[in-house]
Amino acid sequence: MWMPCRTAGACVEAVRCCPQAGFRQRWPRRLSSSGSPWRLLFFGSDHFAVESLKLLTSNRSSSGGIVESLEVVTLSDDVPVKRFAQQNHLPVHRWPPNIVDGQFDVGVVVSFGRLLHERLINSGILNVHPSLLPRWRGPAPIFHTIMQGDTVTGVSIIQIRPHRFDVGPILNQQLHQVPDNCTADELGAALSTKGAHLLVDTFMTLSEKIAHKREQSQTGATFAPKINTSMGWIVWEEQTCDQIDRLYRAIGSRIHLRTSWMGRTIKLLDFVGKCHISLLDQRRKAAPGSVSFLKETNTLAVCCKDGWVGFKAVVLRKNLTATDFYNGYLHQTLQKERPCETAQGLFVSRKQGSEAHHMRDSML
């Protein structure tokens, strides 16, 4: 179940719903009649979920669509799904919902972040997941798609099963080519639209999709854990230009890349990609973490495992351009320690905890 969290926050847990579950105890009514309008209960929270809710709203039966009625369950007051529901006059339930038995035919879960009680799941719930399951099960598939450099991803519509996320049978899937230099935000926007249309397509022939559902293979199954701030620490000795580029495109809009300089934490902003540096002494190999200020482009270039990457700004107590950081800090330090025409300093890698180490190793 896709849930784009900023950090590893509160753990996802199973929450017991009202004993009077509002779904019929078997798969949806009039199942033999493909395209019949459904009474839906939608579980969602963020902008990714809004796209599916928006398309379901536009497909209500009053305009000849597939949805007879549509109500919404959210986790908190200030989330995009609730705002959209209120703006479009959809009934909203707080989690866990208190609903009447037989009130709904099918549940739809999109980026919700909670395990549903087994009573609800056995009644028929679909999930929109932004990956080609079984690859990237878990709450952060889009981030890991970018970090690992996948060239192909997609959207899966699955039937939810109790106790575990993203392991249910697949009803529908669609491929999506990952554009070059795509960010997680850009990919998420594309997959949210594709997932919404795939969900509606699934409802159009739901009986057929259920009859031909297929179990997920264990071959190729991977897990996409939540992103967290420790993943932003760069290890210059181990990470390549391409890996740093993918990391920035995956998490940079939520978590700043970080390093240490003179015992202080520096956040690295405005990544510009690979840089080409010519050292004065061609026989000397720059140490990972070495910094060079490129005056022509106002860029800080940092040496990593297989080359140099550039940043236009940093945060050291306050936001600084690369020029400000060089003039105010780096240049003064180098003048005291070792005058150098190319203005080289050293960013130091911070060794990460076991979770971040495991994540980084998986990228190598």
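1. Of the 364 residues in the protein chain, 55% are buried. The model is a predicted one. The accessible surface of the chain comes to about 16600 Å², and carbon and sulfur atoms account for 49% of that area.

2. On secondary structure, the protein chain holds 9 helices and 14 strands. As for the contacts between residues at least 6 apart in sequence, 71% of them join residues at least 24 apart.

3. An open sheet is formed by 7 strands, with mixed pairing. The order across the sheet is E3-E2-E1-E4-E5-E6-E7. Neighbouring strands in this sheet are turned by 20° against each other on average, with direction ignored.

4. Which strands stand at the edges of the sheet? They are E3, residues 92–94, and E7, residues 170–177. Each of the two has a single partner strand, so one side of E3 and one side of E7 have no neighbour in the sheet.

5. Within the sheet, strand E5 (residues 125–129) and strand E6 (residues 152–159) run antiparallel and are joined by 4 bridges. A residue pair to look at here is leucine 126, which stands opposite glutamine 159 in E6.

6. Two helices lie across strands of the sheet. Helix H1, residues 47–58, lies across E1 (38–44), E2 (67–74), E4 (106–110) and E5. The angle between H1 and E1 is about 165°.

7. Helix H5 covers residues 184–204 and lies across E1, E4, E5, E6 and E7. H5 runs at about 145° to E7. Strand E7 is also one of the edge strands named in point 4.

8. How many disulfides are there? The count comes to 0, with a disulfide taken as a pair of cysteine sulfur atoms within 2.5 Å. Cysteine 241 is in no disulfide, and the nearest cysteine sulfur to its own, that of cysteine 304, is 3.5 Å away. Seen from cysteine 304, the closest cysteine sulfur is that of cysteine 241, and at 3.5 Å the sulfurs are too far apart for a bond.

9. Are these two cysteines buried or exposed? Cysteine 241 is buried, with a relative accessible area of 5%. Cysteine 304 is buried as well, with a relative accessible area of 2%. Both values count as buried because the cut-off is under 20% relative accessible area.

Notes: Residues are numbered from 1 along each chain as its sequence is written. This is a predicted model: local features need pLDDT of at least 70, side-chain atom pairs count only at pLDDT 80 or more; totals for chains, interfaces and linings use all residues. Side-chain values use heavy atoms; hydrogens and water are left out. Two strands pair if DSSP finds at least two bridges between them. Axes are lines fitted to C-alpha atoms, for helices over the stretch in contact, and angles run from 0 to 180 degrees between N-to-C directions. Contact means heavy atoms within 4.5 Å. Buried means under 20% relative accessible area, exposed over 50%, partly exposed in between (1.4 Å probe, protein chains only). Accessible areas come from the Shrake-Rupley method with a 1.4 Å probe; for residues, only the protein chains shown count as cover.
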